[in-house]
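Open the viewer and keep the sequence panel beside it. This tour tells you what to select at each stop.

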Amino acid sequence: MAGPFATPPEKLLLPVEVIGADLFGQQFFERTCTLAILRNGITVSLEQKLGPDSEVILRNPETGEEAIAFVVGHLPEDKTGNAYGLVFLDPTVNPWHIQFPAAESPKTVHLECSGCHTVCALSLSDIELEIFHARKELRRSCGICNSFMAWRETSREITEKRPGGALPSRNPNPGAAASPLEERRRNRRAGMKAVACIRYSGLEVVVACEDISKGGFRFTSRREYLKGTRVEAAAPYTKFSTNIFIPAAIIYSQKIPGGRFRQGVTYIKSRMPIGWNP
Ligand SMILES: [Zn+2]
C-alpha cells in the first residue's frame, strides 16, 4: 500500500483496529478506517469516547503490526463519532509502511495564550498542524499564567520564547519553542521512576513503571503478561506502607529489545474474576 500515497496531507483511508480503554475505564476494541495517516500518527473517528490523556494500541489488521499512540487532540466531532488525533509514542514506527517524503522543517506559528496573552513561536509537527487547522487552537500549558489554556494564532510580536517553561530541546528550528509533542514525549520519559505492584495468582510482583496516569500505567518486565489478564494493581506502590489495590487488566503486551516486554495496565470497574480471561 506504500509508495503511491506519498505526500501528506493526502488522506489515507486504511483499516485500523483501535484497542484501549474509554472514558469510563472500560476496555474496547474498535475496527474502523483512518481519516488520515501522517508521519507521526493518525487521525481517526471512533464510536468510543477517549479521555484527553488516553493511550491506545493501533493495529494494522493487514499485517498485525501494532503501535502505541496517545491522544493529542480532538478534531471537530462528525456524525460517525468522535474524531481524534493520535500520535505514535515511538516516532520511528510506521505500521502502514507509508513512504513519506523527506521530513520538511516543522512549520512555525505564532500563538497567543488565551489567558495571559503571552505570544510565542511554536514549531508544529504535521499531526499538530492537522489539529490546529481543524480547531484553530491548540490546548497546552502556559508557564506564564500557569494554566492549561487554548493557544490561538496571532500576528502579534513574540513575547516569550517558551510558553511551557520546559527544558531546552534538540529543536532543529532555533528561536521556536519545543513542540507540544516533544514536550509530551519528554514528560513521559521523565516519569520512569515509580514502581507499581501487580497482584496475580496469589503473587505480588513489583514492576518498574514507565508512565502512570489516572486510568492506568505502563511497565516493563522480563515476564510477559498475556493481554486480557485480570489483575489487581497498586500504582505508585510503596513498600512497607498501605497500598490500595484496584482491579485492572493488561490491555497490551509488546516485545521490546533485551528480552523484555512493555505492558499496559488499565483499571477496570467491573468485578471480573482475577486470572486469565480474554
Ligand atoms: Zn498564559
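Between which two strands does the loop with Ser201 lie? Select Ser201: its loop runs between β11 (195-200) and β12 (203-213). Keep in mind that this is a predicted model. Ser201 is not a glycine, yet its phi is positive, about 50 degrees. Is Ser201 buried or exposed? Ser201 counts as exposed, because it has 10 C-beta neighbours inside 10 Å.

**The whole chain**

Now show the protein chain as a cartoon. Its secondary structure comes to two helices and 17 strands. The chain has 278 residues, and 31% of them count as buried. Take the contacts between residues at least 6 apart in sequence: 59% of these join residues at least 24 apart.

Next, colour by pLDDT. The mean for the protein chain is 76, and 76% of the residues reach 70 or more. Which elements have the lowest and the highest mean pLDDT? Helix α2 (residues 180-190) has the lowest, at 54. Strand β14 (residues 229-234) has the highest, at 91. Select residues 1-9 as well, where pLDDT is below 50. Residues 163-178 also stay under 50. Where pLDDT is low, the predicted coordinates should not be read in detail.

**Strands β1 and β4**

Select strand β1 (residues 15-21) together with β4. The two pair in the antiparallel sense over three bridges. Find Glu17, which stands opposite Arg59 in β4. β4 is mostly covered, with four of its five residues buried.

Step on to Asn60. This residue lies in the loop between β4 (55-59) and β5 (66-78). Is Asn60 buried or exposed? Asn60 is buried, because 20 other C-beta atoms lie within 10 Å. Which residues does Asn60 touch, leaving aside neighbours within four places in sequence? Its contacts are Val16, Glu65, Pro95 and Trp96. Val18 and Asn60 are 42 residues apart along the chain, and their C-alpha atoms are separated by 9.2 Å.

**The loop between β6 and β7**

Move to the loop between β6 (81-88) and β7 (107-113), and pick Gln99 there.

His97 is exposed, with 12 other C-beta atoms within 10 Å.

**Helix α1**

Select helix α1 (residues 126-135). Its buried residues are Ile127, Glu128, Leu129, Glu130, Ile131 and Phe132. Lys136 follows α1 and has a positive phi, near 65 degrees.

**The cores**

Nonpolar side chains tend to be buried together in soluble globular proteins. Which members of the largest nonpolar core touch the most other members? Select Ile42, Val44, Leu58, Ala69, Leu86 and Val87, out of 35 residues in that core. This core draws at least three residues from each of domain 1 (15-88) and domain 2 (107-189). Apart from it lies another core, of 17 residues, including Tyr225, Ala235, Ala249 and Ile251.

Stay at Ala235 for the last stop. A cis peptide bond joins Ala235 to Pro236, with omega about -5 degrees. Pro236 is found in the loop between β14 and β15 (246-256).

Definitions and conventions. Residues are numbered from 1 along each chain as its sequence is written. This is a predicted model: local features need pLDDT of at least 70, side-chain atom pairs count only at pLDDT 80 or more; totals for chains, interfaces and linings use all residues. Two residues are in contact if their C-beta atoms, placed from the backbone, lie within 7 Å. A nonpolar core is a set of buried Ala, Val, Leu, Ile, Met, Phe, Trp, Tyr and Cys residues joined through C-beta atoms within 7 Å. Domain bounds come from an automatic or database domain assignment. pLDDT is the predictor's confidence in each residue, from 0 to 100. Two strands pair if DSSP finds at least two bridges between them.
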